[in-house]
There are 2 protein chains.
Amino acid sequence: MIEYKGKSYICALDLGFEMIRGKWKAVILCHLHDGPKRFLELQRITCGVSQKVLSESLKQLESDKIITKHIYAEVPPKVEYLLTEKGQELVPALKIIEQWSKKQFSDLLDK
Amino acid sequence: MIEYKGKSYICALDLGFEMIRGKWKAVILCHLHDGPKRFLELQRITCGVSQKVLSESLKQLESDKIITKHIYAEVPPKVEYLLTEKGQELVPALKIIEQWSKKQFSDLLDK
């Protein structure tokens, strides 16, 4: 058993997968791979998910060092979220799942 | 929006990821990649997760055609779970996440 942040995991995959299991996390990472995004842009991408839910997902990804925040010294302050190097390394896995899904659900996606 | 089994998804990744989001699914798929397994073997691998939870995960994976069941004509009947071709195609993504986790959490995993 592996202990991490008060929870137990049975193997490396179980623990690693936990980092991206949350509903919006994979989608957020894929979009940040295209470039840094502001909170409102991410909210638009996730089709208007509540501020609380998106904020919680971003906080967890930040705490797990998968994304980071860039705060520009401007007035009003501008904040952008971006992938860390650690986050970048997860993108190939997400791209495989995305391609797999496009292939499996081509009938639904073509609509 | 993509509609699938009564739920809405914002993109192919969102939908594809849903197929493996459930707590034990990724771990089950990775182990079935090593070869077909019986229910009790999977229960041992998942460190004694309840019969109900494991059974539910397997049913969902079967319904999504990611795994299948082979029932041997024996008495008592022998049942084995195995990956479908569709399931096999997800394994490379899971292997990336597993390797990523081993790298990120090497300090925890070496214990």
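## A salt bridge between the chains

A salt bridge is a side-chain nitrogen of Lys or Arg within 4 Å of a carboxyl oxygen of Asp or Glu. In this predicted model, A:E89 and B:K103 form such a pair through their side chains, with 2.8 Å from N to O. The distance of 2.8 Å falls within the 4 Å cut-off. Between chain B and chain A the count is four salt bridges.

## The contact between chain A and chain B

Chain A gives 44 residues to the contact, and chain B gives 44 residues. The size of an interface is often given as the accessible area lost when the parts come together. For chain B and chain A the buried area is about 3900 Å², and carbon and sulfur atoms give 76% of it.

Polar contacts also link the two chains: 13 residue pairs between chain B and chain A are counted, with both residues at pLDDT 80 or more. On the side of chain B that touches chain A, at least two residues come from each of β1 (2-4), β2 (7-9), α1 (12-21), α2 (25-33), α6 (91-104) and α7 (106-109) of chain B. Which element gives the most to this side of chain B? The answer is α6(B), with eleven residues. By residue class, the side of chain B that touches chain A holds 29 nonpolar, six polar and nine charged residues.

## The fold of chain A

Chain A contains seven helices and four strands. Along the sequence these elements follow the pattern β-β-α-α-α-α-β-β-α-α-α. Taken along the principal axes, the C-alpha atoms of chain A fill a box of roughly 45 × 45 × 25 Å.

An unreviewed UniProt entry places the feature "domain: HTH hxlR-type" at residues 11-109 of chain A. In the model, this span is 62% helix and 12% strand, and its end C-alpha atoms are 34 Å apart.

## The hairpin in each chain

In chain A, strand β3 (residues 67-72) and strand β4 (residues 78-83) run antiparallel and are joined by six bridges. Together β3(A) and β4(A) make a hairpin, with five residues between them.

## Backbone details in the loops

What is the form of the peptide bond from A:V75 to A:P76? This bond is cis, with omega near -5°, and A:P76 belongs to the loop between β3 and β4 of chain A. In chain B, the peptide bond that joins B:V75 and B:P76 is cis, with omega about -5°. The residue B:P76 is found in the loop between β3 and β4 of chain B.

Another backbone detail concerns A:K5, a residue other than glycine whose phi has a positive value, near 50°. A:K5 is located in the loop between β1 (2-4) and β2 (7-9) of chain A.

Key:
Residues numbered from 1 in each chain as written. Chains lettered and ligands numbered in written order. Predicted model: local features only at pLDDT ≥ 70, side-chain atom pairs only at ≥ 80, totals over all residues. Heavy atoms only, no water. UniProt positions renumbered as here; feature names shortened; annotations may be inferred. Pairing = 2+ DSSP bridges. Contact = heavy atoms within 4.5 Å. Buried area = accessible area lost by both parts, 1.4 Å probe. Polar contact = N/O pair within 3.5 Å; in protein donor to acceptor, adjacent residues only side chain to side chain. Nonpolar A, V, L, I, M, F, W, Y, C, P; charged D, E, K, R; others polar.
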